Structures are given as C-alpha cells and as structure tokens.
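Here is a friendly walk through the charged and nonpolar side chains of one protein model. Keep the structure open beside the text and click along as you read.

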Amino acid sequence: MSKPSKPSEPADADIAAMTFEQAAEEAEAISDRIESGEIGLEETLAQYERSMKLIAHCRRILERSEQRISELTPDETPGNARDPENGA
C-alpha cells in the first residue's frame, strides 16, 4: 500500500520564504485556533503539523542570527588575535 502524499508539503515552500515575525505570528494564530476548539480533529492535526514546521523555521532563523552575532562580536579573551588592544 502506498503512502498518500501530504497536502501540506507543497506549502512548505511558503514557510521557507517567511520572516521570523511572519512565521511566529502564524504559529501563534494556529495555537489560538486549536486551543479555542474552533476546528475539528483532522484540521487540528494538520494545523499542529504546520505549526511545528513554522516553529522549526523560527529556530533555524534564530540559530543563524546567533551564529552571525557570534561572528560579529569580538572575542574579549586577553591575547586573542581579534583583540584590538593587541594590535590585531
């Protein structure tokens, strides 16, 4: 028996194009809809899956941002080659 394709897979491309703020806002809206009980079980599962993808996208953005900040922040360890007081 073949596994049915997930209808949300093509929509994953729209998540990749979202900003952190857009993804976080949509994840929060999904959470609100699920908590209110305004959607049925099938839709709840689909929306939960999407929210998990949105959260993973937000985490990736945060990780890249943290990495970039680390790259831009000079290491303040004495004697470090990037220490401006040592002429580097």
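## K53 and its two partners

Let's begin with K53, which counts as partly exposed because its relative accessibility is 23%. Please keep in mind throughout that this is a predicted model.

The side chain of K53 meets that of D12 in a salt bridge, with 3.2 Å from N to O. D12 belongs to helix α1 (residues 12–16) and K53 to helix α3, so this pair ties together parts that are 41 residues apart in sequence. D12 is partly exposed too, as its relative accessible area is 26%.

K53 also has a salt bridge with E49, where the closest N and O atoms are 3.6 Å apart. Through shared partners, the salt bridges join D12, E49 and K53 into one network.

Next, look for R50, another residue of helix α3. Is R50 buried or exposed? R50 is buried, because its relative accessible area of 14% falls under the 20% cut-off.

R50 forms a salt bridge with E26, and the closest N and O atoms are 2.5 Å apart. This pair links distant parts of the chain, with R50 in helix α3 and E26 in helix α2, 24 residues apart. The side chains of R50 and E26 are also joined by a polar contact of 2.5 Å. As for E26, a relative accessibility of 23% makes this residue partly exposed.

With the pairs described above in view, how many salt bridges does the model have? The count comes to 5 salt bridges, and those of K53 with D12, R50 with E26 and K53 with E49 are among them.

## A negative patch

Which residues form the negative surface patch? E25, E28, D32, E35 and E38 make up this patch.

E25 has a relative accessibility of 60% and so counts as exposed. E28 is exposed too, because its relative accessible area is 53% and the cut-off for exposed is over 50%.

E25 also gives a handy distance to check on your screen. From C-alpha to C-alpha, E25 and L54 are 9.4 Å apart in space, although 29 residues separate them in sequence.

## A nonpolar patch

Finally, the surface has a nonpolar patch as well, formed by Y48, M52 and I55. Together, these three residues have about 270 Å² of accessible area.

M52 is found in helix α3, which covers residues 41–72. With a relative accessibility of 38%, M52 counts as partly exposed, because that class takes in values between the 20% and 50% cut-offs.

Definitions and conventions: Residues numbered from 1 in each chain as written. Predicted model: local features only at pLDDT ≥ 70, side-chain atom pairs only at ≥ 80, totals over all residues. Heavy atoms only, no water. Patch = residues over 30% accessible without salt bridge, like charges linked within 9 Å, V, L, I, M, F, W, Y side chains within 5 Å. Areas by Shrake-Rupley, 256 points an atom, 1.4 Å probe, with all protein chains shown as cover. Salt bridge = Lys/Arg side-chain N within 4 Å of Asp/Glu carboxyl O. Helix = DSSP H or I, 4+ residues; strand = E, 2+ residues; numbered from the N terminus. Buried < 20%, exposed > 50% of the residue type's maximum accessible area, 1.4 Å probe, protein only. Polar contact = N/O pair within 3.5 Å; in protein donor to acceptor, adjacent residues only side chain to side chain. Lys, Arg positive; Asp, Glu negative; His and termini not counted. Charge placed at Lys NZ, Arg CZ, Asp CG, Glu CD.
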